[in-house]
Amino acid sequence: MNNNKQLVRVGVAVVVRSPKNSTKVLIGKRLLGAGVGKYAFPGGELDYGETWKVTAIREVKEETGLDLTLTNMKCLFITNILFPQEEQQWVVYVVEAEAKSELFINTEPEYCEGWKWVDVDELKTLDIFISTQQWLTYMDGSAQTQFQRC
């Protein structure tokens with residue numbers, strides 16, 4: 001057995017939609033880890049025993065202070081992301097939910113430069129993280145067959 005083998009990690013990326021305008025989503029600029037300097041959705045790693053839904057709720061609350069509306073939370077697709085330079089592999093649930101409010105706070109400034117609501121069209125013009133780019137591809141319908149539906 002190779003003790004240097006990297007483990008596969010499981011995470012969530014949460015597309016948080018504004019309760020006032022469904023075309024606006026919440027993004028933040030990453031300060032650490034893979035994708036430094038890129039805009040990404042809130043999210044993080046599943047803790048032992050958690051479901052994707054519990055992780056999504058916890059991560060959004062921890063990172064932004066926002067509560068999610070649970071009635072329309074859904075998993076859109078699952079993706080596999082490799083980061084060869086970091087020797088990491090992530091299986092990521094990309095999920096969508098509506099925030100109960102637009103009033104967020106940056107609770108982890110060491111990880112995120114700041115959060116902002118952006119229109120989907122503006123998102124397309126930014127330097128975005130891979131899971132965020134995959135969500136745009138998924139939403140425009142051009143490559144849905146490449147994604148594993150939840």
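**Exercise 1. Strand β1 and its partners**

Task: In this predicted model, find how many bridges join β1 to strand β4, and state the sense of the pairing. Then treat β6 in the same way.

Solution. 
- Step 1. Start with β4, residues 43-45. Its link to β1 consists of 3 bridges, and the two strands run antiparallel.
- Step 2. Pick a residue pair. Val-12 has Gly-44 of β4 as its bridge partner.
- Step 3. Turn to β6. Here β1 pairs in the parallel sense, over 10 bridges.
- Step 4. Pick a residue pair again. Val-8 stands opposite Gln-89 in β6.

**Exercise 2. Thr-132**

Task: Is Thr-132 buried or exposed? Which residues does Thr-132 touch, leaving out those up to four places away in sequence?

Solution. 
- Step 1. Locate the residue. Thr-132 sits in helix α3, which spans residues 130-140.
- Step 2. Read the accessibility. Thr-132 counts as buried because its relative accessibility is 0%.
- Step 3. List the contacts. With that sequence limit, Thr-132 touches Tyr-39, Ala-40, Phe-41 and Leu-123.

**Exercise 3. A backbone angle**

Task: Where is Glu-87 found, and what is its phi?

Solution. 
- Step 1. Glu-87 lies in the loop between β5 (68-83) and β6 (88-99).
- Step 2. Read the angle. Phi of Glu-87 is near 55 degrees.

**Exercise 4. The whole protein**

Task: Give the order of elements along the sequence. Then test the radius of gyration against a compact globule.

Solution. 
- Step 1. Count the elements: 3 helices and 8 strands.
- Step 2. Order them: β-β-β-β-α-β-β-β-α-α-β.
- Step 3. A compact globule of 150 residues would have a radius of gyration near 15 Å; the protein has 15 Å, so the two agree.
- Step 4. Along the principal axes, the C-alpha atoms fill roughly 55 × 35 × 30 Å.
- Step 5. Check the contacts. Among those with a separation of 6 or more, 65% join residues 24 or more positions apart.
- Step 6. Finish with the surface. The accessible surface is about 8,400 Å², and 51% of it belongs to carbon and sulfur atoms.

Notes: Residues numbered from 1 in each chain as written. Predicted model: local features only at pLDDT ≥ 70, side-chain atom pairs only at ≥ 80, totals over all residues. Heavy atoms only, no water. Helix = DSSP H or I, 4+ residues; strand = E, 2+ residues; numbered from the N terminus. Buried < 20%, exposed > 50% of the residue type's maximum accessible area, 1.4 Å probe, protein only. Contact = heavy atoms within 4.5 Å. Pairing = 2+ DSSP bridges. Rg over C-alpha atoms; globule rule 2.2 N^0.38 Å. Areas by Shrake-Rupley, 256 points an atom, 1.4 Å probe, with all protein chains shown as cover.
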